[in-house]
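User: Hi! I'd like to talk through a model with you, one topic at a time. Could you take a look?

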Amino acid sequence: SVANVSQHLQILRSANLVEAERHGNMTVYRLSDPAVVRLWLALRGVAESQLAEVKELARNLPGRDNGSVVSRDNVASLLKANAVLLDVRPKHEFEAGHLRGAINIPIDELRDRVSELPKDRQIITYCRGEFCIFADEAAEILRANGFGVARLEGGWPEWQSEGRPVKIGGRN
């Protein structure tokens, strides 16, 4: 529930893990430091190594496309071969930071904007990380429209935490 999420956010704020900014009657939360992402990823990694069901959960998410997955280590060579990085997170998340060279078409706009993508190039979709299925949904939409597509292993938080090339703010 909204009340439950609000309580959790207040606890995270009191622990200085998130910051809050008021916009009228709305509060926007963001992580207070990149180290918080590394903490989350480390905690998730421990959970995956100690609890088999956590890794299984990621593999069996509703809508999860376990077909074509690109490892983060292979992205540079695919970009040299003219692949397209497609970030399907909401625009404000893309503007806060994204993989260098990525374009942004939010998942809720993709069906209407699919014609903006080149059909003669491989598309690599990504989103909020291992437990986000926006990239899987995007891959499904693009395949149905005749595109060659693969989902990036992990997503923005994993990429950023590994110190890979990123762009902070604005467009590509």
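This is a predicted model: local features need pLDDT of at least 70, side-chain atom pairs count only at pLDDT 80 or more; totals for chains, interfaces and linings use all residues.

User: How many disulfides turn up in the whole structure?

Analyst: A search of the whole structure gives zero disulfides.

User: OK, on to salt bridges. How many are there?

Analyst: The count is 14 salt bridges. Some of them form a network, which links Arg72, Asp73, Glu153, Glu162 and Arg164.

User: Nice, let's go through that network. What does the side chain of Glu153 meet in a salt bridge?

Analyst: That would be the side chain of Arg72, with an N to O distance of 4.0 Å. This pair links distant parts of the chain, 81 residues apart: Glu153 sits in the loop between β8 (149-152) and α8 (156-161), and Arg72 in the loop between β3 (69-70) and α4 (75-80).

User: Which of the accessibility classes do those two fall into?

Analyst: Glu153 is partly exposed at 35% relative accessibility, while Arg72 is buried at 15%.

User: And what does Arg164 pair with?

Analyst: Arg164 makes a salt bridge with Asp73, at 2.7 Å from N to O. Arg164 is in the loop between α8 and β9 (166-167) and Asp73 is in the loop between β3 and α4, so the pair ties together parts that are 91 residues apart in sequence.

User: What is the salt-bridge partner of Arg128?

Analyst: Glu93, and the closest N and O atoms are 2.5 Å apart. Here too the pair links distant parts of the chain: Arg128 is in the loop between β7 (123-126) and α7 (134-144), Glu93 is in helix α5 (residues 91-96), and the two are 35 residues apart.

User: Is Glu93 buried or exposed?

Analyst: Glu93 counts as buried, at 19% relative accessibility; the cut-off for buried is under 20%.

User: Changing topic: where is Glu158, and is it buried or exposed?

Analyst: Glu158 is in helix α8. With 4% relative accessibility, Glu158 counts as buried.

User: What is Glu158 in contact with, leaving aside its sequence neighbours?

Analyst: Setting aside residues within four places in sequence, Glu158 is in contact with Leu41, Arg44, Arg72, Gly129 and Glu130. For Glu130, the backbone nitrogen lies 3.2 Å from a polar atom of the Glu158 side chain. Arg72 is also a member of the salt-bridge network we went through.

User: Good link. Now the sheet: what is the order of the five strands?

Analyst: The open sheet has the order β3-β8-β7-β4-β6, with parallel pairing. β3 and β6 (103-104) stand at the edges with a single partner strand each, so one side of each is left without a neighbour in the sheet.

User: How many bridges are there between β7 and β8?

Analyst: Three, in the parallel sense. In that pairing, Ile124 stands opposite Ala150 in β8.

User: And how do β1 and β2 run, parallel or antiparallel?

Analyst: They run antiparallel, and six bridges join β1 (residues 18-23) to β2 (residues 26-31). The facing residues include Val18 opposite Leu31, and Ala20 opposite Tyr29.

User: What does the turn between them look like?

Analyst: The two strands form a hairpin with two residues between them, and Gly24 in the turn has a positive phi of about 65 degrees.

User: Last one: what span should helix α1 have, and what does it have?

Analyst: Helix α1 (residues 2-14) has 13 residues, so at 1.5 Å a residue it should span 18 Å; the end C-alpha atoms are 18 Å apart, which agrees. Just after α1, Asn16 takes a positive phi of about 60 degrees.

How values were computed: Residues are numbered from 1 along each chain as its sequence is written. Side-chain values use heavy atoms; hydrogens and water are left out. Helices (H or I, at least four residues) and strands (E, at least two) are DSSP runs, numbered from the N terminus. Buried means under 20% relative accessible area, exposed over 50%, partly exposed in between (1.4 Å probe, protein chains only). Two strands pair if DSSP finds at least two bridges between them. A disulfide is a pair of cysteine sulfur atoms within 2.5 Å. The expected span of a helix is 1.5 Å times one less than its number of residues. A polar contact is a pair of N or O atoms within 3.5 Å; within protein, one must be able to donate a hydrogen and the other to accept it, and residues adjacent in sequence count only if both atoms are side-chain atoms. Contact means heavy atoms within 4.5 Å.
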